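Subject: Structure for your review

Dear colleague,

Please find below the structure that I am handing over to you.

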Amino acid sequence: MKKKNICLVGFMGAGKSRIGQRLAQLTGYSIVSTDSMIIEKEGREIADIFKNRGESYFRQIEKTIVAKTSRMQGVIIDCGGGVVLDPINIANLKANGIVFYLSATPETIYNRVKSESHRPLLNVSNPMDAIRDLLDKRQSFYEQANIIIHTDDRTVEDICLEITNIIQND
Ligand code: S3P
């Protein structure tokens, strides 16, 4: 039987990378990150791409990377937080995988990202307002996922257990 991909979507700081890494250890699946693939393809950091080429250029590259990773089989795809904004990306991910939305409140997200500076969309004078605003605008896009996983006040182990149980019973 063909192994489905495990696609992780969610807002910046929702824990996609940490959960993806742990899931890779638990399942033996390889993990790919759309952000890392974009950085590798472009030869520069995401903040640099946003600054010099603009967000729409970044989204075009992201779309080609999502299409490429969606054609893989039995991998964990750690998606950048804005991947859900394009319905074609969601359709591509679902074609070969299960899409998990890792949800978190703005407060949880703020606490996770406040000490980091590499995310251009949150590198603003009031990140908490930016998180609330963006999350509000994106909520309905994230909810296009197959399954919603709540991550507030939960350990990575606990979240991974929920995801592996779902995959095993699929
Ligand atoms: C973005 C999220 C980032 C990265 C880029 C844009 C977004 O990925 O793709 O900065 O629009 O939410 P992470 O969610 O991995 O931080």
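How many nonpolar, polar and charged residues does the shell around the ligand have? The model is a predicted one, and in it the shell comprises 5 nonpolar, 3 polar and 5 charged residues. In total, 13 residues surround the ligand, and the closest of them are Lys16, Asp35, Arg59, Arg119 and Arg138.

Three of these side chains may be of particular interest to you. The side chain of Lys16 places an N or O atom 2.6 Å from an oxygen atom of the ligand. For Arg119, the distance from a side-chain N or O atom to an oxygen atom of the ligand is likewise 2.6 Å. In Arg138, a polar side-chain atom is 2.7 Å from a ligand oxygen atom. The ligand on its own has 380 Å² of accessible area, of which the protein covers 95%. As to its location, the ligand sits in the largest pocket.

I turn now to the cysteines. A disulfide is a covalent bond between the sulfur atoms of two cysteines. Searching the whole structure gives 0 disulfides. Cys79 takes part in none, and its nearest cysteine sulfur, which belongs to Cys7, is 5.9 Å away. Cys79 counts as buried because its relative accessibility is 1%.

Why is the sulfur of Cys160 too far from the closest cysteine sulfur for a bond? The closest one, in Cys7, is 15 Å away, whereas a disulfide requires sulfur atoms within 2.5 Å. Cys160 has 0% relative accessibility and therefore counts as buried.

Yours sincerely

Methods:
Residues numbered from 1 in each chain as written. Predicted model: local features only at pLDDT ≥ 70, side-chain atom pairs only at ≥ 80, totals over all residues. Heavy atoms only, no water. Near = heavy atom within 4 Å. Polar contact = N/O pair within 3.5 Å; in protein donor to acceptor, adjacent residues only side chain to side chain. Areas by Shrake-Rupley, 256 points an atom, 1.4 Å probe, with all protein chains shown as cover. 1 Å grid on protein atoms, 1.4 Å probe; cavity = no way out; pocket = protein on both sides within 12 Å on 5 of 7 lines; lining within 4 Å. Sits in = over half its atoms within 2 Å of the grid points. Nonpolar A, V, L, I, M, F, W, Y, C, P; charged D, E, K, R; others polar. Buried < 20%, exposed > 50% of the residue type's maximum accessible area, 1.4 Å probe, protein only.
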